[in-house]
Amino acid sequence: MPDIVSVLAATCREHLLTEKILIAPSLAIGHQLADAVAQSGTSWVNLRVETMRTLTDAVAGFSLAQEGCTVLSRAQALAIVERSCDRALDSSSYFAALAGRPGLHRAIQRSLDDLRHAGVEPAALPHAAFEDPRKAEDLTRILAVYEAELKERRFVDRYGVLARATALLRSGAAAPWLADAIWLFIDGVELTGAEESFLGQLTRNRVTLGGHAATRPGRIDFRRAAGEENELRGAFRDLLASGIRFDEAELVYTTTDPYLPLAYELAAGYEIPCTFAEGVPASFTRPGQAGVAFLAWLGGGWHAAELQRAAVGGSLSVKGLPGSVFARVLRSAAIGWGRDRYGKRLDTLRADRAKSHELEEDEGRRESLAKSLEQIALTHEAIEALLGLTSAVAEGEEIDAAVAARAAAGFVTRFAAVRNELDVMAREALIRVFSELAVLPPTAIPRGEAAARLMETVRRVHVSASNPRPGFLHVAPLRLAGWSGRRRTFVAGLDESRHPGAGLQDPIVLDAERAAINRSIEPGQLVMLGEAPVRAGLRFRQFLSRASASELTLSWNGVDLRARTERFPSSQLLTVYRQAIGRADATYAEMSSAVVTDGFVDPSPLSQSEWWLMRRFAGAGTDLSPALLEAYPGLAEGARADAAHEADAITAWDGLVSPRGSELDPRLNGRIYSASQLETMARCPYRYFVERVLHVKAIEEIEFDPDRWLEAREFGSMLHEVLETSMAELCSAGRKPVLEFLPRMEAIATDALQRWREDVPPPSEAAFESRRDELLASCEIFLRREEEACRTVTPRYFEVSFGFGEDGPDTIAMPEPLSIPLGGGREVLLRGRIDRVDYDEASGQWSVWDYKSGGTWEYDKGGHLQRGTKVQHAIYARALRAMLDRKGERGAVASSGYFFPTPKGRGARIVPRAPGDGVEEGVNAPLERVLNALFDVVGSGLFPHASMPNPCAFCDFQAVCGGSDLAGSRMQRKLDANASDAGVAAWRRLQEVK
Ligand code: SF4
């Protein structure tokens with residue numbers, strides 16, 4: 001650094017008024033050097049800072065403008081490469097097999113750039129240099145199409161500007177600098193062949209700024225860390241402990257990932273002001289995240305979940321609505337996916353809420369419903385705007401990438417949340433890049449690919465790149481670092497895997513092919529990518545030289561935390577270490593043990609969590625628990641729950657409710673229950689407690705499973721609809737079910753399928769067809785089995801209810817609930833809906849059937865009431881008896897069972913029977929016994945966990961109870977320890993019921 005600055009300063013002093021042009025790797029670096037000259041006390045009058053880009057623009061800009069040419073940005077040029085690949089390649093092409101690979105087009109763009117900068121024309125590409133001649137053919141074709149497209153549309157990419165500028169200088173065209181200008185070149189800056197040719201025209205008055213002679217910084221120390229995050233934390237701590245100002249230090253990293261994101265996040269967390277030489281990825285900002293969510297929405301089938309996530313995460317902003325409310329309205333509308341569902345589902349939701357509002361008498365509830373209607377209206381408005389923005393890419397498997405980019409620009413403009421300066425910059429940058437892509441020629445590509453390409457563009461956008469500024473710590477990658485002349489420099493990422501890196505080959509043009517091409521052209525200028533480590537090593541040496549006046553800390557990550565393996569320092573770091581300690585034989589092990597190690601615990605914590613960690617691990621013997629639990633009430637609650645779970649006593653955390661009794665016992669609380677509620681209660685009382693007593697509801701989301709349409713429960717409802725409609729139609733015509741009815745039943749099924757399709761969008765046609773086939777097969781199974789069964793019986797009643805207030809002359813429905821006396825003047829009240837009642841004219845007996853759409857596995861194990869988990873048939877038999885009595889109908893209820901008319905159920909009929917008992921005579925006693933045992937359990941305030949794992953498979957509360965294994969074993973231990981408790985004894989009695 002002093003060498004460069006001092007030569008530069010000397011040149012400025014010597015040629016005070018002469019025009020001096022400094023060619024810097026970037027304007028930022030050039031200005032840092034000029035500032036350093038000024039700080040050294042030298043005036044830099046008439047010193048211009050230029051880069052290759054600004055110089056070539058200055059030379060060729062006017063001529064290109066005169067011809068009406070547009071200079072493409074890198075993103076635009078990439079889009080033209082993508083378009084050229086789409087047009088030049090077909091299924092027989094070498095690269096066709098790689099077409100879907102992420103990054104392929106970017107790799108091709110890089111290879112084409114390398115070839116063109118090396119002076120290789122498409123037609124002159126030596127095919128013999130390639131291992132597969134088809135590869136050369138592909139590249140030739142792509143490059144030819146690319147160049148033709150540029151020419152046809154008067155587009156010029158960066159290489160084109162450079163080539164034009166070189167040609168103009170060669171032809172003696174007037175240049176925008178004085179003839180006696182002094183050219184200042186920085187030694188060691190990497191240039192391509194084409195750039196060398198351009199600069200080769202500037203032969204007069206050249207001064208080279210060296211500066212790489214010194215290799216040893218003034219003061220140097222070394223650190224290792226357990227993980228990259230601790231590596232950066234160590235640098236921040238060291239900086240704060242040293243007492244120097246932020247703007248006297250620079251933090252340098254070898255690889256952008258993971259160091260740049262980590263530096264950004266840690267600096268934000270510690271509130272250390274930073275400038276970032278390569279900016280911050282836009283995807284860290286709200287507009288970037290919103291843009292990615294929008295593209296996922298557009299490219300993936302319009303899934304509402306994408307918008308919901310972005311809104312809840314705070315990146316999507318809807319006028320007049322908090323993001324969480326917008327997300328909640330979309331979730332309540334059960335949209336799922338598909339553009340055409342948004343309007344319909346929101347209308348349905350609005351109509352439902354409006355009706356509830358109309359009927360609601362409670363003033364508070366009315367107000368809340370009115371508010372909800374406003375929120376639905378605002379959500380609808382936002383959705384209409386979103387759908388309007390995307391109307392041009394609404395249909396089709398293929399969409400125009402340029403039109404999608406225009407929609408994305410519109411989205412970011414209107415919907416991206418902006419909360420700080422960085423968000424503002426990201427929003428503007430994204431609008432600019434999307435707008436640039438929107439003006440490119442139309443390119444129809446698969447929807448998902450168009451979205452993926454645009455997402456990749458978002459990820460590539462960096463914002464807020466900055467020079468070092470007063471008051472800010474400067475954070476820079478190695479190639480842009482060391483120019484600021486700051487007092488203190490930290491370098492992170494010097495482990496062997498990151499520095500000097502692996503030197504991966506170019507996947508498009510291999511190094512062997514590059515070497516062969518170089519041999520065939522004069523002079524050979526294609527760079528070897530396998531030599532990247534050598535170049536990285538050189539860059540590091542140059543950096544050390546630039547930073548030689550700085551106090552330097554070099555660090556490496558010594559532990560791969562994921563793989564739990566050691567990482568070694570790079571060989572170059574070891575070399576510097578050996579020089580620093582003056583021992584050429586120092587080993588890795590010596591170095592590792594001699595240097596400071598940054599771990600998770602440090603005596604100088606930077607945040608609250610680090611402070612607690614330090615107290616916990618550094619203050620041996622100190623019990624921090626009381627202080628910690630006092631500081632974090634949530635943790636204190638958790639600790640109390642853990643202790644209660646571990647204890648033998650049954651407590652509130654196991655589902656023990658106090659006060660016990662009248663509120664919880666169905667025999668005493670006067671509430672009306674359904675058979676399925678009682679079955680859930682018996683399967684897992686704890687689940688019943690969470691769901692029905694605490695009223696905890698799992699968030700309902702329509703899940704996207706490309707292979708499945710409709711949950712089992714939904715399919716069951718659809719099947720019930722079809723069976724009910726079919727049987728009602730048959731009965732009203734005085735007919736019995738026969739196979740001849742199948743075409744009509746299939747038509748009924750098709751109608752039902754359409755209706756359900758409106759409510760629940762199929763994820764794919766294949767998934768829809770699979771369910772349709774299942775439903776149609778069920779129709780056939782049903783009719784075949786019914787034709788046979790109905791030879792001796794007549795289906796008489798369908799969907800008859802009890803306890804729902806329904807009544808009438810043509811139905812046996814019972815408006816009042818069924819009461820089952822349970823002794824001691826107590827009763828349980830029940831309601832339900834019986835699928836089907838058959839009558840056998842010959843015997844005068846009745847049968848009850850409940851349709852089941854699943855398999856028989858829970859029903860065909862034998863047993864009658866199965867620990868209270870199967871009581872529906874017994875309750876329905878009682879209900880039918882009561883209904884018939886109420887209507888004065890005669891005849892015994894001979895059976896009550898389940899009919900499985902689906903492929904899974906294979907048309908089975910199962911009638912559970914109590915041993916030795918018929919339905920009417922035998923049910924009473926066992927049913928009473930089982931209900932009393934169950935109500936003794938919950939009435940005692942005990943809600944144990946499931947004793948069998950089966951009920952857990954479809955339970956939403958596994959996260960609450962810890963899952964069947966943990967909850968089950970814990971409960972078993974507690975039951976054993978409290979065997980004399982009345983509730984425990986009742987639960988054990990219940991488990992013995994077959
Ligand atoms: S996961 Fe199993 S044990 Fe836990 S609440 Fe659900 S059913 Fe009960």
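**Cavities, ligand and sheet**

User: Which helix gives the most to the lining of the largest cavity?

Analyst: In this predicted model, helix 4 gives the most to that lining, with 6 residues.

User: What volume does the largest cavity have?

Analyst: The volume of the largest cavity is about 210 Å³. It is lined by 18 residues, and the closest to its centre are Ala79, Glu82, Ala401, Leu437 and Leu440.

User: And how do the residues of that lining divide by class?

Analyst: The lining of the largest cavity has 13 nonpolar, 2 polar and 3 charged residues.

User: How many cavities of 30 Å³ or more are there?

Analyst: The count comes to 4 cavities of 30 Å³ or more.

User: OK, on to the ligand. Which cavity does the ligand sit in?

Analyst: The ligand sits in the second largest cavity, which holds about 140 Å³ of space. Of the 15 residues that line this second largest cavity, the closest to its centre are Cys684, Ala946, Cys952, Cys955 and Cys961.

User: Which helices supply that lining?

Analyst: Helix 27, helix 34 and helix 35 (964-977) each give two or more residues to the lining of the second largest cavity, and the largest share, 3 residues, comes from helix 35. By class, the lining of the second largest cavity divides into 9 nonpolar, 5 polar and 1 charged.

User: What residues are around the ligand itself?

Analyst: Around the ligand are Cys684, Tyr686, Arg687, Ala946, Pro951, Cys952, Cys955, Gln958 and Cys961. By class, this shell has 7 nonpolar, 1 polar and 1 charged residues, and at least two residues of the shell are supplied by each of helix 27 (685-693) and helix 34 (958-961).

User: Switching topic to the strands: what order do they take in the sheet, and is the pairing parallel or antiparallel?

Analyst: The sheet is an open one in which 4 strands follow the order 2-1-5-6, with parallel pairing. Its edge strands are strand 2 (47-50) and strand 6 (206-209), each of which pairs on one side only, and the twist averages 25 degrees from one strand to the next.

User: How many bridges join strand 1 to strand 5?

Analyst: Strand 1 (residues 20-23) and strand 5 (residues 182-186) run parallel and are joined by 4 bridges.

User: And which residue in strand 5 stands opposite Ile23?

Analyst: In strand 5, the residue opposite Ile23 is Phe185.

Conventions
Residues numbered from 1 in each chain as written. Predicted model: local features only at pLDDT ≥ 70, side-chain atom pairs only at ≥ 80, totals over all residues. Heavy atoms only, no water. Pairing = 2+ DSSP bridges. Axes fitted to C-alpha atoms, helices over the stretch in contact; angles between N-to-C directions. Near = heavy atom within 4 Å. 1 Å grid on protein atoms, 1.4 Å probe; cavity = no way out; pocket = protein on both sides within 12 Å on 5 of 7 lines; lining within 4 Å. Sits in = over half its atoms within 2 Å of the grid points. Nonpolar A, V, L, I, M, F, W, Y, C, P; charged D, E, K, R; others polar. Points joined across faces, edges and corners; volume = space filled by probe spheres on them.
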